[in-house]
Amino acid sequence: MNIKSGLTALLIAMPLLAQAGAREELALLEAAKTATPVHDTALAASAVPAPAPVNLMSLPDGRKANMKDYAVVLFMQAHCQYSAKFDPLLKGWADQHDIRVYPYTLDGGGDGSFPTPMIPRKTDPNSPIADEIVTFFGNGLPIATPTAFVVNVNTLKAYPLTQGVMEIPTLESRMASLIQADLDNVDPKMLPPMPASAQVTPQ
């Protein structure tokens with residue numbers, strides 16, 4: 001399975017997490033259509049939901065990136081001591097900055113930060129490795145947890161963000177560099193390797 005088709009399958013599975021917001025917005029629009037007309041301009045303006053604020057990340061070269069164009073895909077395990085250490089850091093940071101995280105479990109279980117992660121699946125039952133594992137680790141990166149990738153949700157390009165526990169300032173700096181590389185169409189193979197971490201659980 002190639003990376004683009006694998007990411008397409010992944011992003012098809014992800015909308016279940018994002019549809020709740022879309023459903024709420026559609027419900028508000030429908031309610032506005034059937035509501036009694038409001039003649040007071042101030043009241044009419046308050047009846048229309050304000051557009052969601054744009055979440056921008058500053059990049060090393062001074063540009064700003066819209067974080068709605070990016071997501072983090074995390075591979076974790078319920079029985080990984082390093083996932084237990086890293087996942088709350090990642091979740092807190094992502095929630096604070098409204099960054100979507102899509103967790104996958106390699107041992108079938110979740111943790112306090114991601115209690116119901118997705119389970120990698122096999123399109124071909126005879127395949128020894130699940131599709132998402134091939135998609136993300138197929139470039140030779142060891143299969144280990146925690147491992148996180150930045151994904152451009154429009155182009156489906158994926159960039160290795162961290163393997164092992166990484167402090168949030170370092171992670172945020174690396175993510176900004178990866179997004180800058182994505183905007184400049186740098187081949188992920190040309191990027192410098194991730195900082196080494198001994199805090200991983202190999203498969």
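## Largest nonpolar core

In this predicted model, the largest nonpolar core holds 31 residues, and the members touching the most others are Trp93, Met175 and Ile179. Five elements each contribute at least two residues to this core: the strands β3 (70–76), β6 (147–152) and β7 (158–163), and the helices α4 (81–97) and α6 (168–183). Helix α6 gives the largest share, with seven residues.

## Surroundings of Trp93

Which residues does Trp93 contact, leaving aside neighbours within four places in sequence? They are Met57, Ile99, Ile168, Leu171, Glu172 and Met175. Met175 is itself, like Trp93, one of the core residues that touch the most other members.

## Packing of α4 against α6

Two packed helices are described by the angle between their axes and the distance between those axes. For α4 and α6, the axes come within 11 Å and cross at roughly 55°. The pair is therefore classed as oblique. The crossing of α4 past α6 is right-handed.

On the α4 side, the residues that meet α6 are Phe86, Leu89, Leu90, Trp93 and His97. Their counterparts in α6 are Ile168, Leu171, Glu172 and Met175. Sorted by class, this contact comprises seven nonpolar residues, one polar and one charged.

Key. Residues numbered from 1 in each chain as written. Predicted model: local features only at pLDDT ≥ 70, side-chain atom pairs only at ≥ 80, totals over all residues. Heavy atoms only, no water. Core = buried A, V, L, I, M, F, W, Y, C linked by side-chain atoms within 4.5 Å. Buried < 20%, exposed > 50% of the residue type's maximum accessible area, 1.4 Å probe, protein only. Helix = DSSP H or I, 4+ residues; strand = E, 2+ residues; numbered from the N terminus. Contact = heavy atoms within 4.5 Å. Axes fitted to C-alpha atoms, helices over the stretch in contact; angles between N-to-C directions. Parallel < 35°, antiparallel > 145°, perpendicular 65-115°, else oblique. Left-handed = near helix turned anticlockwise from the far one by under 90°. Nonpolar A, V, L, I, M, F, W, Y, C, P; charged D, E, K, R; others polar.
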